[in-house]
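Biologist: I am new to this one. Can we go through the labels and ask what each rests on?

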Amino acid sequence: MKLYFVSLGCDKNLVDSEKMLALLVHRDMEVTDVAEEAEVIIINTCGFIQDAKEESIETILEMAQMKKDGQCRALIVAGCLAQRYTEEIQKEIPEVDAIVGTAAYDQIATAVEQSLAGENMVWMHDLDYLPANLTERLPAVSGYTSCLKIAEGCSKRCTYCIIPRLRGDYRSVPMEELLCEAEQLAAAGTRELIVIAQETTVYGVDLYGEKKLPELLTKLCRIDGIEWIRLMYCYPEEITEELLQVMKQEPKICHYLDLPVQHCNDEILRRMGRRTNKKELTEIIAKIRRILPDVTLRTTLISGFPGETKEQHDECLDFVRQTRFDRLGVFPYSPEEGTPAAEYADQVPDEIRRQWADEIMEAEQNVIFRQNESMAGKQLRVITDGFLPEEGVYTGRTYRDAPEIDGCIFFEAPYEILSGTMLTVLVTEAQGYDLAGEIWNEGEQG
C-alpha cells in the first residue's frame, strides 16, 4: 500500500515524522512522493504561528480534494494543528479520517489500519505522556545530517508562545534511548548530529534532578561515525560553565550556539515572560566568547511585541550592532490565540512590526557581510551538501552554518564528491551571506 507523507513546521516535528514513517514502513507501506498514487495520506501539521497554521490548513484542504478525486482511502492529520483544533478539523473537513495528537504519534500505524477499515478516530494522549522506545527513524531528508530531539514540550511560559498547550510540559527523553537512537543514526550514515528540543539546556532536570546536557554530549561524542555535533535552542540563562567546558574539550562539538534571546530591553523581556535581562545577556555572551573565542552565535528576535516603543526598538537595534551576532533571524510578533500576549491591549500595528523586523535584518546584514569578508584566507572543515550543475560548483557548510537556516560555501572540485563528505576548503572570498573557496588538500575525502 502506498503512503504519501507531508511533514510541515520545525525540525522537532520532522523527527516525529521520521519516527512515524519507520513505524509505517514496518507495516509494509511503501512511501511515494506522488500524492495521486497514494492510498494513505498523512500530514504532520504545524500550528505555532499564523503563517504556519495557514500552510497546514491549505495542505489539508489540498489533500482532502485529492481524496475526493484520487486513490486515497485514508486521510490522517497529525501534529500541532491537530492537537490544537481537533473539533474544528472534524467539523469543517469531513474527509479527514483520523486525527493524531502530538503525544500520540506512536499510535500512527493503528490509526492508519482503523481508518482503512472505515473507523473515524481521534488519537490523543495526555500531554505529560512521552512515547517510549521509538528510536528507529526513516530519514525524510538526507541521512548524513540528522536531528536528535532530546526532550518534548516546555515548562517555561513565555507570554507569546503556544507550545506548552500543544506539546505539554518539558519531558526529557531517557539518556539510554537517545544514545541508542544516535547510534542507529550513525550506523545509517549520519555524520552531523543536531541536538534539538524546545530548550536543550535544561535536559535531564525533570528525570535526573540536574542538568545532564554536558554528560549527554560527552557520551554522544564517543559514537563512531558522528563527526559534528551541533547545539540548537540554548536558552542563555541556562548555559553553564560545565557545558562550555565540554564544548571546548570535545573536538566533535561545533563551536556554534543558538541562543533565542527574543529582545534586549528589560521591560519587553519581562512582558514576554523571559527569565533574563539585558545585563545578564551581555555577560553570558561575553563569557561564551571568552571560553570559545571562535564560537558562532545565532539568535532570534521578535519585533513589535505588544507595548514596544520606538525607543525600545532602537535599543534592540543598537544591541544587534554592538553584540555582533554571527547569525540572526527576526520575526514580526504574531498574536497567537490562547496566549497572554494576544490579549494585551497595546498591540503594535502589523506594518510597524514588519518595518522594525526589516530594520533589524538590515543592521545584522552589515555585521554578517563584514564577518564573512574576514574569513578569506582561512581553512575550514566543510560538510558537502550537494552539487549545483548550472554553476558547476559544490555547496557545503562550515561549523558556522546550520542546515536550512544559515549560509553555505561554494567550491569547485576536479572529481565527484558525495553529499555528506567532509573535507577542508580554503575560503577565497565572501559572497554576501555565503562564502566561496577551493579544496585545500586535493583528494582529501572524509
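Biologist: Why is arginine 27 called partly exposed?

Modeller: This is a predicted model, so the value is computed from its atoms. The relative accessible area of arginine 27 is 42%. Buried means under 20% and exposed means over 50%, so a value in between counts as partly exposed.

Biologist: What makes arginine 27 and glutamate 113 a salt bridge?

Modeller: Their closest N and O atoms are 2.2 Å apart. The cut-off is within 4 Å, so the pair qualifies. The two residues are 86 apart in the chain. Arginine 27 lies in the loop between helix H1 and strand E2, and glutamate 113 in helix H5.

Biologist: How do you know that arginine 397 is buried?

Modeller: Its relative accessibility is 3%. The limit is under 20%, so arginine 397 counts as buried. Its salt-bridge partner is aspartate 385, with the closest N and O atoms 2.8 Å apart. Aspartate 385 has 27% relative accessibility, so this residue counts as partly exposed.

Biologist: Why does lysine 279 count as exposed?

Modeller: Lysine 279 has 57% relative accessibility. Lysine 279 forms a salt bridge with glutamate 283. Both lie in helix H12, 4 residues apart, about one turn of the helix.

Biologist: Why is H10 called roughly parallel to H12?

Modeller: Helix H10 and helix H12 pack at an angle of about 30 degrees. Angles under 35 degrees count as roughly parallel, so H10 is roughly parallel to H12. Their axes are 10 Å apart, and the crossing is right-handed.

Conventions. Residues are numbered from 1 along each chain as its sequence is written. This is a predicted model: local features need pLDDT of at least 70, side-chain atom pairs count only at pLDDT 80 or more; totals for chains, interfaces and linings use all residues. Side-chain values use heavy atoms; hydrogens and water are left out. Axes are lines fitted to C-alpha atoms, for helices over the stretch in contact, and angles run from 0 to 180 degrees between N-to-C directions. Angles under 35 degrees count as roughly parallel, over 145 as roughly antiparallel, 65 to 115 as roughly perpendicular and the rest as oblique. A crossing is left-handed if the near helix is turned anticlockwise from the far one by less than a right angle, and right-handed if clockwise. A salt bridge is a side-chain nitrogen of Lys or Arg within 4 Å of a carboxyl oxygen of Asp or Glu. Buried means under 20% relative accessible area, exposed over 50%, partly exposed in between (1.4 Å probe, protein chains only).
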